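Work through the exercises below with the model open beside you. Try each task before you read its solution.

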Amino acid sequence: MANTLGTLSSEMILRAALPLAIKRHPLLSRISHDLSPEASLKDQTLRSRIFSAAPVNDFGTGATDRSDTDVPVTLDQFKEVHHKFTYEELNETNRALVQESAEPIATAISQHLAAAVAALWNDTNFTNETVVTVANTGYDTLVTLRKALNSRGAPESRRFVVADSDVYEKLLNDPTVIEANKNPAGRNIIETGELTGVAGFSSISEYPDMPSLQNITAFAGSPDSCVLASRVPKDPRELLPNVPLNGVMKVISDINSGFSVLAVEHINMEDLSANIRMIFLYGVA
């Protein structure tokens, strides 16, 4: 498919792969999002709102403000994934190189974003902790975490647990957890290795790269515990609208999550390599 009228030749492929950037890591779908295709500036601070339930009062009490929380998120991360296809590579195969690379590009983005969120899970941002040894981890641990979140006023909706591989292994081998994850279709954790809801948690996910400096093996919370915000950078043609572009540039978005990138394709006339670049701004809080 040739580049015509400013159309990305890889647009359909990247548009199909981009949703994987959020879905690839369950961790990213558990937290709050402020993802948008709007153009923003690096280090711009956004106000992401975390919503709370409205109070129920006696009739005639009058309107009561909800205690929604505005969380400042700074777009301090200016990132790209740049994939280069050398001219030699292009002439050695007839494989669909762009299509083959789309999923690894999305995977690279998802791994990076997941690590940025997990890095927030430290005793500076979250002062409460529940101490349990890995050897003693099981269904009782989840019940303990549930009680702790109740006492700390965490919302009950969509509570989650993200655990490292050692803790997750213990949960996968716990008979009570196994029983709770059976379903009528016959697919259960013995077959899939994936836990669903247990003890009031809507999801339990494995993340092998939990922060290790403070010996954190799991994080339990609700979506309002963390926020991921993303935007696209400014189009350089805003500054020089009459200068020809050496390539094709377009914003591509995941219509479900809103996560967007500024996608650029160009041919390097020095070495005739074909280049695809996905650029985005983000911040976590």
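The model is predicted, so local features need pLDDT of at least 70 and side-chain atom pairs count only at pLDDT 80 or more, while totals for chains, interfaces and linings use all residues. Residues are numbered from 1 along each chain as its sequence is written, and side-chain values use heavy atoms, with hydrogens and water left out.

**Exercise 1. Sort the aromatic pairs around phenylalanine 219 into stacked or edge-to-face.**

Step 1. Learn the rule. Rings of Phe, Tyr and Trp (its six-membered ring) pair if their centres lie within 6.5 Å. Planes under 30 degrees apart count as stacked, over 60 as edge-to-face and the rest as tilted.

Step 2. Search the whole structure. Five aromatic pairs turn up.

Step 3. Take tryptophan 121 with phenylalanine 219. Their centres are 4.5 Å apart and their planes make 5°, so the pair is stacked.

Step 4. Tryptophan 121 sits in the loop between helix H5 (97-118) and helix H6 (139-151), and phenylalanine 219 in strand S7 (residues 218-221), so the pair ties together parts 98 residues apart in sequence. Helices (H or I, at least four residues) and strands (E, at least two) are DSSP runs, numbered from the N terminus.

Step 5. Take phenylalanine 126 with phenylalanine 219. Here the values are 4.9 Å centre to centre and 70° between the planes, so the pair is edge-to-face.

Step 6. Check burial. Buried means under 20% relative accessible area, exposed over 50%, partly exposed in between (1.4 Å probe, protein chains only). Phenylalanine 219 has 9%, so it is buried. Phenylalanine 126 has 26%, so it is partly exposed.

Step 7. Join the rings. Trp121, Phe126, Phe160 and Phe219 form one aromatic cluster.

**Exercise 2. Find how strand S5 pairs with S6 and with S7.**

Step 1. Recall that two strands pair if DSSP finds at least two bridges between them.

Step 2. Look at S5 (residues 160-163) and S6 (residues 203-206). They run parallel, joined by four bridges. Phenylalanine 160 has serine 203 as its bridge partner in S6.

Step 3. Turn to S7. It pairs with S5 in the antiparallel sense over four bridges. Valine 161 has alanine 220 as its bridge partner there.

Step 4. Follow the side chains. Phe160 and Val162 point one way from S5, Val161 and Ala163 the other way, and all are buried.

**Exercise 3. Which helix holds leucine 90, and is this residue buried or partly exposed?**

Step 1. Locate leucine 90. It lies in helix H4 (residues 87-90).

Step 2. Read its accessibility. At 35%, leucine 90 counts as partly exposed.
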